[in-house]
Amino acid sequence: MPTEAAAQGFSRPKPKRGKSLSLRRTHSSTEADRENPRHGSFTVEVQESVLPPHLRARLWDLFQQIEREVEVVYAENLALQEKVEVLTERLEAGTSDKPMGEESLDGTAKANIAKNKSSSQLSQKLKTTYKASTSKIVSSFKPANTSQCQMVRRFIGHRDGVWEVNISRAKPHVLGTASADRTAKLWCMATGQCVLNYIGHSGSVNSIRFHPNDHLALTASGDHTAHVWRSAVVLPQVPPEGNPLLFSGVQRSSDDDQIEGAEKEEGEAAAHTEPGDSSDFAPTVVRSPLTELTGHQGVIIAADWMADGKQVVTASWDRTAQLYDLETTELVHSLTGHDQELTNCSTHPTQRLVVTSSKDSTFRLWDFRDPSIHSVNVFQGHTDTVNSVTFTSGDNVVSGSDDRTVKVWDLKNMRSPLATIRTDSAINRLSVSPLHKVIAIPHDNRHIRLFDLQGVRLARLPRSNRTGHHRMVCGTAWYDENPACNLFSCGFDRQVIGWQIVTAVA
């Protein structure tokens, strides 16, 4: 999630020349920088250095050599990690193919199976590791899940990491993105073009949510404000020669060559035109909001609409959440109690319920269904920062944390989770498909995994040098109305990707 400098959109001061020794790590191409944008550049300044120029130059060369050595070692580690993941996936596929009932074999049969496994020491170690980390899933095998995941297209145009992606609720549906480049953009999902560019914030735009039934967008920013602005747009026409089997006439890249060609074309277009623009369609530029909500003393990390669309709730790094009346812009409730900075907030789709998550490893459920009093429940099921918490279409809450777990809770009995999903990387802003009840989990390690609400793993989205994200995946959003492209993801690699997800139980 955003660091303070990234979320606020502050620029770093340039070091003074001739009076300081500056050791600056700028735009490094290492995988470490790409993987963890939480760690920014560092600057060590020694005012009025007494070192001679040649010694300072030699010191700088030494630090560059160290950095290059670290880059090489880290690249080797990443390559080994990829090999281990491939072997694990193959092992998982072999495990999923075993017939049902094998787990209930008698002792003799299990002994024979154990002898067969001992033929390969490496395979045995991989199986032990896999079973230990996913014991709950393996112990409750269900009929094999067959899932098809394919990248449909990329949305290129932001100049910095994209924190959140969302789909508008009012028709025509558009894709909304919030970025650290201080802008929010609306995209035509059929053509991939940017149709609106909102530039009203002076800090990083950390979230974007849409009104339940009107053409209004709500954005939260590092400039300590939340903005409400009109999101009505005119979409460009879809080419009539488009294949109806593909996503709204957009040709799907089914192999690496097609994907590489698409990336090249997008890069050339971005070099000659405004991001998201085309030769015959220019995006609308919105410079000021309809309503500006102020009152927080820190970064506003997220904001969401209440179910009736008349009130909004904001979550801030000042450790409070605030409920505003949109018509009067007055503060209705200040929600206090978290011990550390808030990381996200979400509202129930039909009831006056709010959940907030925090770095204090808890999330809280706020109940406003009774106008005279609001109640709060604190849940301590995680051991590290809770980055994401959201309601499902039913009576469940799903939370994701830096402790590498996702937990599914029942609103009627939240003493213990219904399911716990253990992963190998921190979780960012996840989403749940209202139609298929599938959780799309974005990870710090660039992967996106799909699980059902019972904690059974369904798939991992493909990722390679030409497909998927190249840096931390920040968020996901489902769009069940179009099965040809029903999942979107955004990342700190500045891009948004549309996916086709087909899940079925054999």
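Predicted model: local features only at pLDDT ≥ 70, side-chain atom pairs only at ≥ 80, totals over all residues.

User: What makes R446 and E82 a salt bridge?

Analyst: Their side chains meet at 3.8 Å, N to O. The cut-off is 4 Å between a side-chain nitrogen of Lys or Arg and a carboxyl oxygen of Asp or Glu. The value lies within that limit, so the pair qualifies.

User: What does the pair tie together, and why?

Analyst: R446 sits in the loop between β24 (438-442) and β25 (448-452), while E82 belongs to helix α3 (residues 53-96). The pair therefore ties together parts that are 364 residues apart in sequence.

User: Why is R446 called buried, and what is E82 called?

Analyst: Buried means under 20% relative accessible area, and exposed means over 50%. R446 has 10%, so the label buried holds. E82 has 26%, which falls in between, so E82 is partly exposed.

User: How do you know that E82 also bridges to R463?

Analyst: Their side chains meet at 2.4 Å, N to O. That is within 4 Å, so this pair is a salt bridge. Here too, distant parts of the chain are linked: E82 in helix α3 and R463 in the loop between β26 (457-460) and β27 (473-478), 381 residues apart. R463 has 15% relative accessibility, under the 20% limit, so R463 counts as buried.

User: Which residue does R460 meet, and what makes that a salt bridge?

Analyst: The partner is E85, at 3.6 Å, N to O. The value is within 4 Å, so the term applies. R460 lies in strand β26 and E85 in helix α3, 375 residues apart.

User: How many salt bridges does the whole structure hold?

Analyst: A search finds ten. Some join up: E164, R209, D304 and R429 are linked in a network of salt bridges.

User: Why is D360 said to have no salt bridge?

Analyst: The nearest side chain of opposite charge is R364, 5.2 Å away. A salt bridge needs a distance within 4 Å, so D360 has none, although D360 is buried.

User: Where is D360, and what does its side chain reach?

Analyst: D360 is in the loop between β16 (353-358) and β17 (363-367). Its side chain reaches the backbone nitrogen of D339 at 3.0 Å. The side chain of D360 also makes a polar contact with the side chain of T362, at 2.7 Å. The limit for a polar contact is 3.5 Å, so that distance qualifies. Leaving aside neighbours within four places in sequence, D360 is in contact with H338, D339 and Q340.

User: What makes β12 largely enclosed?

Analyst: Strand β12 spans residues 311-316, and six of its six residues are buried, so the rest of the structure largely encloses the strand. Both faces are covered. Q311, V313 and A315 are buried on one side, and V312, T314 and S316 on the other.

User: How do you know that β12 pairs with β11 and β13?

Analyst: Pairing needs at least two bridges. β11 (residues 300-305) is joined to β12 by five, so these strands pair, and they run antiparallel. I300 stands opposite S316. β12 and β13 (residues 321-325) also share five bridges in the antiparallel sense. A315 has A321 as its bridge partner in β13.

User: Which residues take a positive phi in the two hairpins?

Analyst: G309 does so, near 75°, in the hairpin of β11 and β12, with five residues between the strands. In the hairpin of β12 and β13, with four residues between the strands, R319 takes a positive phi near 75°.

User: Why are β19 and β22 called edge strands?

Analyst: The open sheet has four strands in the order β19-β20-β21-β22, with antiparallel pairing. β19 (386-391) and β22 (419-422) each have a single partner strand, so one side of each lacks a neighbour in the sheet. Neighbouring strands here are turned by 15° against each other on average, direction ignored.

User: What makes β21 a partner of β22?

Analyst: Four bridges join β21 (residues 405-410) to β22. At least two are needed, so the strands pair. In β22, T420 is the bridge partner of K407.

How values were computed:
Residues numbered from 1 in each chain as written. Heavy atoms only, no water. Buried < 20%, exposed > 50% of the residue type's maximum accessible area, 1.4 Å probe, protein only. Lys, Arg positive; Asp, Glu negative; His and termini not counted. Polar contact = N/O pair within 3.5 Å; in protein donor to acceptor, adjacent residues only side chain to side chain. Contact = heavy atoms within 4.5 Å. Axes fitted to C-alpha atoms, helices over the stretch in contact; angles between N-to-C directions.
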